[in-house]
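Reader: I am new to reading protein models. Please take one part of this one and walk me through it closely.

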Amino acid sequence: MRRRNFLETLVVGGGLFVAPPLSVLSARAEVKQSRESNGTEQLEADVVIAGGGLGGFAAAMAVLRNGQSVIMTEETDWIGGQLTQQGVPPDEHPWIETTGSTQLYRDFRNRIRDYYRRNYPLTQTAMGDPLLNPGNGAVSRLCHEPRVALAVLTDMLNPYISSGQLALLLEHKAIDADTDGDRVKAIRVKDRRTGATKKLVATFFVDATELGDLLPLTGTEFVTGTESKADTGELHAPDSADPSNNQAFTMCFAMDYVPDENHTIEKPANYTFWRNHVPDLTPPWPGRLLELHYSNPKTLQPKKLGFDPRGGEMGDALNLWNYRKIISKDNFVPGTYPGDITVVNWPQNDYMLGNIVDVSEVEFNEHVASAKMLSLSLLYWLQTEAPRPDGGKGWPGLRLRKEVMGTADGLAKYPYVRESRRIKAMFTIREEHVGKANRERVAQTDKGRAAAFHDSVGIGYYHIDLHPSSNRVNYIDFDSLRFQIPLGALLPVRIKNLLPANKNIGTTHITNGCYRLHPVEWSIGEAVGMLISYVCRKAISPALVWEDEITLVDFQSFIRSQGIETVWPTD
């Protein structure tokens, strides 16, 4: 291979993206290391990204491929956020194979499939399927194991780590920040293993944490919880605001089924409480949480669910076993797996008894511990009491697959978070912009389309899906429209050099319900990374890109040249 071609391949990590010219590669920045006078280690880069979830990862890739240096921190030992450490297969829209995401995201999805083709004993049929779905789960066209996503994401970063352009700090959490007026100068992170602190200095900072951790540390203005109808004018907003009312979070786990074996876990200490618990919600939940029913998210009427780990359909009831399967044994050579593997992220283990957004570390840990007991109680109930089609009770062959989540207790490394602190943004996305019914009320034309944003930096889709919340509000679930991501929603009202790249952008409690899923979070992060690269090259501020029409058009052309769609294809 010629040296030029080799270097281009190396920098993009073997992906499908076209590498920048060699002249850019030779000028790539590196992370600098030094020590303060007190002995504290200091790292300096063009960009510091706190949070290694999908938004943080995508932001890093955008910055790195354009020549800047990056320090990325991650609170756990796995990058990948909701896809890996939280154990949730991708929630995606039906157009995802060809549009509605960035090219880099679709390249990542193809890498997932290629990983299985290279490393797993697939059947001939599965090997030849261009749209291979390893788990055949009902929730997505690509249900797969967290570890495979972790391997692919890590492979994509490794060339930059090797070259010194990226410093990846796993198990590091932000604890403090230095600011000067409306600018962030540095953040301090703590190594969760050793307790040592590091000072991270950069020109730009990205908050890609799951809960918007940098916002209070840096004094960036933010909101939490639920806005009132008077605040936003939204059709589905309540009459009164409630900053502490946030969506339930979930401690996910994986299990398989071995019919002739008994894998019943020890009875959880709080099992009796959870076995008898009836969620106190408005409108009411249809009975005990640990039963095969829930509130229909759209109508809030009681809805029956089914469960049979042998697979198959169960009439009108959804078989929960099939919903989030990440391994379908039929895709693999006979004997590879004794059965399918599924992820449990169900209504029955949504934790509604506490809020983990903008609370103390002690309160956070208390609620997470309680949520873990709920998930283990659900597993024990499935093993011992869940009704079977033959009239019996319990499936003792259900086996907790601890290695799938990479933890000693078998539960995900981090809560599946649906809501975060949100920046007070230059522009806030409201229900009237993306909600189908609200849009029909306010739009003068194109009532069947979401609002067209002149400053679009990405596109996405998911229905507005709000799970029961910490202050006793049942589901809020209704149709949305295919939407755009406006640049104004990524810009804090005051702070100049901090940008959001997760669930912390300028949405409301309502619209967060469709901007929080995997491909949208990725698109937000990639747009933020591209924005930082652009303004670094131009020596201008992010706000100027938004404010100046000519500059905005040039920036949009720049991001489209690297595979970011800004408008949905016409029907």
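Author: The largest cavity holds about 140 Å³ of space. Note that this is a predicted model. In total, the structure has five cavities of 30 Å³ or more. The largest one is lined by 15 residues, and those closest to its centre are Gly51, Glu74, Glu75, Thr209 and Asp213. Two elements give two or more residues to this lining: β3 (70-74) and β5 (172-180). Strand β5 gives the largest share, three residues. By type, the lining has four nonpolar, six polar and five charged residues.

Now for the part to study closely, strand β10.

Start with its sheet. Four strands make up this open sheet, and their order is β14-β15-β10-β17. The pairing is antiparallel. Strands β14 (325-327) and β17 (398-400) stand at the edges. Each has a single partner strand, so one side of each lacks a neighbour in the sheet.

On one side is β15. Strand β10 covers residues 253-257, β15 covers residues 341-344, and four bridges join the two. They run antiparallel. Phe253 stands opposite Val344 in β15. Asp256 stands opposite Ile341 in β15.

A helix belongs in this picture too. Helix α11 (residues 361-384) packs on the sheet and touches β10, β15 and β17. The direction of α11 makes about 155° with that of β17.

Turn to the partner β17. Three bridges join β10 to β17, and these strands also run antiparallel.

Finally, follow the side chains. In a regular strand, side chains alternate between the two faces of the sheet. Now check β10. Phe253, Met255 and Tyr257 point one way. Ala254 and Asp256 point the other way. Are these residues buried or exposed? All of them are buried. That covers the whole strand: five of the five residues of β10 are buried.

Strand β10 has β15 as a partner through four bridges and β17 through three. Helix α11 touches β10 as well. Trace these contacts on the model, one residue at a time.

Note on methods:
Residues are numbered from 1 along each chain as its sequence is written. This is a predicted model: local features need pLDDT of at least 70, side-chain atom pairs count only at pLDDT 80 or more; totals for chains, interfaces and linings use all residues. Side-chain values use heavy atoms; hydrogens and water are left out. Two strands pair if DSSP finds at least two bridges between them. Contact means heavy atoms within 4.5 Å. Axes are lines fitted to C-alpha atoms, for helices over the stretch in contact, and angles run from 0 to 180 degrees between N-to-C directions. On a 1 Å grid over the protein atoms alone, a cavity is a set of points where a 1.4 Å probe fits but cannot get out, and a pocket is an open set with protein on both sides within 12 Å along at least five of seven lines; lining residues have an atom within 4 Å of a point. Grid points are joined across faces, edges and corners, and a volume is the space filled by probe spheres set on the points. Ala, Val, Leu, Ile, Met, Phe, Trp, Tyr, Cys and Pro count as nonpolar, Asp, Glu, Lys and Arg as charged, and the others, Gly among them, as polar. Buried means under 20% relative accessible area, exposed over 50%, partly exposed in between (1.4 Å probe, protein chains only).
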